[in-house]
Amino acid sequence: MDILEAIKNRRSIRRYSHQEISDQDLKKIAEMAHWAPSAGNINPRYYISIKNPEMIEAIKSLSPGMFGNPTAVMLLCADKAKAEEKASTNGYIYSIMDVAMAAQNMLLAAHALALGACVIRSFHAQAIGKLLGLPEHIVPELIVALGFPEGDLPKGIRNDLSEIYHQECYKGSIGNGKR
Amino acid sequence: MEKDNLKQDAHKLICYMATSACNLVGEPPLYGPFRLVDAASRLIDLLEENEATSNNLLEARQLIEDKKYLVMHNEQEFTEFLNDLVLKLAEGFKE
């Protein structure tokens, strides 16, 4: 699969079939996330895959941004303690960015494996941490819901590139940034 | 459906609603109506499993599932859908 095509054709999938995802595929997705850039090569992130349907249901009830019935979810966590130990007060922000880059790799890896995926931020991190018994310094930052896609793929909608891509200098509106 | 299953499913829905309320404080304003209609759809699921729904509610759920994601790319059509949904549900009083 061509990487440029993969980036452009990937969609957020919110409807899944009942077909189970193999442990091998989940491990491959985690491995691809692991190869995402990390500030200072600190790698303050953890990935937890969950296939237990009851646990997925519990996570879903605490995640308003999760739709459909994913057959697996991947929880992406920042290691706040490690990030702050290695990168001082900026460490936690770096770790969140690291998690975001890992999530994009996961989405593309899932797409390459013919899986559907959707990244989710709307969940209650503290409650999910409690549900999974996470220590306080391991902070859930994103969830990637996974499953084999069902139904039509959603259309990709983006505004025109010229609105957001400027060469050599900023050519957008000048003001207080309010629209 | 067993009473225990009903309790469990109701608990999940209540968790979803409470988490939505908590998160909505910092989320885009349009997510408020979005979560409400999504909760309505989930409630209709629960009613269906307990054989306590109606054609009107099933049609309303279909409308929600077909249109709810408009929130992400077309505010005007999403708003029109919300209006259509209320009108659809109002028809249910005649059933």
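**A walk through chains A and B**

L13(B) is partly exposed, because 16 other C-beta atoms lie within 10 Å; with C-beta atoms placed from the backbone, a residue is called buried if 20 or more others lie within 10 Å of its own, exposed if 12 or fewer do, and partly exposed in between. This is a predicted model, in which local features need pLDDT of at least 70 and side-chain atom pairs count only at pLDDT 80 or more, while totals for chains, interfaces and linings use all residues. Residues are numbered from 1 along each chain as its sequence is written, and chains are lettered from A and ligands numbered from 1 in the order in which they are written.

L13(B) belongs to helix α1 of chain B, residues 3-24, where helices (H or I, at least four residues) and strands (E, at least two) are DSSP runs numbered from the N terminus. Leaving aside residues up to four places away in sequence, L13(B) touches R42(B), L43(B) and L46(B), a contact being a pair of residues whose C-beta atoms, placed from the backbone, lie within 7 Å. With L46(B), which is 33 residues away along the chain, the C-alpha separation is 8.8 Å.

Chain B as a whole has four helices and zero strands, and from the N terminus on its elements run α-α-α-α. Its C-alpha atoms fill a box of roughly 40 × 35 × 20 Å along the principal axes, and of its 95 residues 17% are buried. Of the contacts in chain B between residues at least 6 apart in sequence, 60% join residues at least 24 apart. The mean pLDDT (the predictor's confidence in each residue, from 0 to 100) of chain B is 95, and 99% of its residues reach 70 or more.

In chain A, helix α4 (residues 80-87) packs against helix α5 (residues 91-112) at an angle of about 125 degrees, with their axes 7 Å apart. That angle makes α4(A) oblique to α5(A), since angles under 35 degrees count as roughly parallel, over 145 as roughly antiparallel, 65 to 115 as roughly perpendicular and the rest as oblique. On the α4(A) side the residues that meet α5(A) are K80(A), A83(A), E84(A), K86(A) and A87(A), and their partners in α5(A) are G91(A), Y92(A), Y94(A) and S95(A).

Between the chains, seven residues of chain A are in contact with ten residues of chain B. The model scores ipTM 0.89 and pTM 0.93.

Methods. Two residues are in contact if their C-beta atoms, placed from the backbone, lie within 7 Å. Axes are lines fitted to C-alpha atoms, for helices over the stretch in contact, and angles run from 0 to 180 degrees between N-to-C directions.
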